[in-house]
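Let's work through a few exercises on charged side chains that pair up. Grab your viewer and follow along.

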Amino acid sequence: MKKERIIEDPYLEYMEMATGGESQASGAPPPQPDQAKPGEFKYIGTYTPRVDGRKIVTGEAPFTHDLVFDGMLQGKILRSPHACADLVSIDLEPALSLPGVKAGLKLAEGRVNWAGQPIAAVAAVDEETAEEALGLIKVEYKVLPHVVSVEAAMAQGAPAVQSKGNVASSTPYARGDVEKGFKEADVVFEQTYKTSWEVHQTAETHGSVAKWDGDNLTVWDSTQAVQSVRDGLARSLSIPASRIKVIKHYMGGGFGSKLGVNDYTVTAAQLAKEAGRPVKILLTRQENSYCVGYRPSAWMTVKAGAKKDGTLTALALKSHNSGGIGQGDRVATMFTDVYKCDNVKVEEYSVFLNACGSRACRAPGHTQAAFGLEGFMEELAAKLGIDPLELRMKNYSTKDKGDTGIPYSTKGLDQCYKLGAEKIGWARRNKKPGAGSGPIRTGIGMASQIWPGAGVPGTLADVKLYGDGSVEVDCGTQDIGTGTRTHIALVAAETLGLEPQDISVHIGNSDLPWAPNSGGSQTTPSVAPAVRDAALKAAEYLKALAAKKLNIPATDIVLENKKAASKTEPGKSIDLKELARTLRRPMPFHGERAAMAEGFAYQTFGAHFAEVEVDMETGKIKVKKVVAAHDIGRVINRLTAESQVVGGITQGLSAALFEEKIMDPETGSMVNANLHDYKIATAMDVPEIIPIFVDVVDDRLNNLGTKGLGEPPRIPASAVIANAVFNAIGVHVREIPMTPARVLAALKRKEAGK
Ligand code: MOS
């Protein structure tokens, strides 16, 4: 094992994956439309309780934090207190000579670029000893000037975070001619929207346990990606991937912050090797707040031209995105794709700061973009005196790249608009923003969403039939909290005529058949079709066996109610349990998620509608109701799907009203790295939420016609609240979180007529 380590940027890997840059090579043919007709499904599309729900709520389900092994040591990481410094020396000796300390590592050399950067690590018999040992490590720094705000980083003479300067431009995008488009417009309007840094704040902090058995390494990790963590560990430690097993039983959230191998996981493995004992590293809530990423900020200046009737003639975006030492999120896609417009221009810049790198966070780029684009559309509608819903329908596209690309395979956004507007009572909104009176103003707003969520061809799953009639599904995916075990169980049960509880689901282990990261809203549309494929093969096999037993053709057989039964001769059937006895050995059936049909674009779509109350005296916002209409193809489990919508809206509301990672310009550290000062929405803030699914099954996409849902409901969830606030008070709060101070400042701006 080499001493040097390569820590990869899980964020870059994520963006490539989520934006559909790659898909796993697959020789599989395009999907066959599913045999089942609507209404023929017993479980798919219904409200199915989680197969492991009881285990989770009773505390029986093991999380990485719960794991304890014989002789296990606790690892701790010493972090830089300086946002920028040169490391002169690290002396581990005083720490290593403390009784109970079993291993130590230096983790940095040269330039330190952010407060919290790992410097050294120790493993000791317990947490207290490890903590004490960290205090004994002698580190000498030469402190250098730092920069932790976008304004400061862009100022003349700012300390250089990167040798090439603090601002880097991303590849620009353009189609048509925006200048020509502005000339053709009746109205040209420009505005700037800002979003802040949001910490993922997973309920379970980050952590790993590493255990060696000779040259073989097993890692238990709170991760969204057992396969990627294995591959990343192999590269970081320069050992064969075949000697590494990564296990994740249950986890308390990831939201994009746990997508690839983490530095502390590599550290745990190295300390464990050195000590010859298992090592557990769990980050504290404080470390979790400032060392493992956040959603980067975006400052979006949007300029558009439109005809009097609302037709967009040009749309331009200039955005400064900041993700600390890493690049910020690209926010372009919503701007280039959502609305029909021939003339579009996008310029994006990353602004580098001395802060921990950002990470993918539930729909990276798109949530920020939704706040900018959809906020702008609401303001444009008011400028033109057009209903905001009408403005969106006026510029509705049926092809990607704003109607200039290839056609969408299916697009149910118009239905989302229609059903969502009906349900919220769109007609009740203020025809003119801010038209109400009195100290409490109410308003209704809307916002739209797109997101890939198509799933990954090449995803594998096995269905295994045992001689006692029991059934197992093996898939190297993981449940990040969305209910993956349940959707696997219900798809297998559906196909084999069993009940979800009859299926043993084996996931969360990198030795199992390959599945992608649980990010990019791709778990269900990757895994469910692979399970369906394997289960259909198993079903064919069982039908052939039953045909022999019952002496009827296999085509006459249906699997239902735990039996293989004749469709035409009532009463002619055999129990699946009995049928399985004829198996000579456990029978595996391999399934694969096929490629989607070419020549079409695949996206999820959705629209949210919100109703708010704003207190004109205090600037406090109360969200009363959110209606969320989504097109995600076929819904697999309506119960867990609705949970995703409730979660996405809660997170979006929280970001809209409360969340902000605040950096101290003096020390260069995060000042609110705890759950007391970093505000998150609580149950008291959550409004009535009404999820709607439009059920546009996409047969070209996969054998179940299903798309992903993890991220879509997060995308318009902050924007829609800002838009409802605009409708209530008649001035747009163009920066989130919309704190009472920002709301009052916006009202002042309105009074001043600006
Ligand atoms: Mo991702 S940001 O884990 O879907």
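Buried means under 20% relative accessible area, exposed means over 50%, and partly exposed is anything in between. Keep in mind that this is a predicted model.

**Exercise 1.** Find which parts of the chain are linked by the salt bridge between Asp-52 and Arg-485.

Solution. Start with the contact: the closest N and O atoms of Asp-52 and Arg-485 are 3.5 Å apart.

**Exercise 2.** Work out what the salt bridge between Arg-79 and Glu-287 ties together.

Solution. The N to O distance for this pair is 2.7 Å. Arg-79 belongs to strand S1 (residues 73-79) and Glu-287 to helix H9 (residues 285-290), so the bridge connects parts 208 residues apart in sequence. Both Arg-79 and Glu-287 are buried.

**Exercise 3.** Classify Glu-611 and Arg-428 as buried, partly exposed or exposed.

Solution. First, the pair: Glu-611 and Arg-428 form a salt bridge at 2.9 Å, N to O. Glu-611 sits in strand S26 (residues 604-615), and Arg-428 in the loop between helix H14 (413-424) and strand S18 (440-451). Now the cut-offs: Glu-611 has 16% relative accessibility, so it is buried. Arg-428 has a relative accessible area of 48%, so it is partly exposed.

Methods
Residues numbered from 1 in each chain as written. Predicted model: local features only at pLDDT ≥ 70, side-chain atom pairs only at ≥ 80, totals over all residues. Heavy atoms only, no water. Salt bridge = Lys/Arg side-chain N within 4 Å of Asp/Glu carboxyl O. Helix = DSSP H or I, 4+ residues; strand = E, 2+ residues; numbered from the N terminus. Buried < 20%, exposed > 50% of the residue type's maximum accessible area, 1.4 Å probe, protein only.
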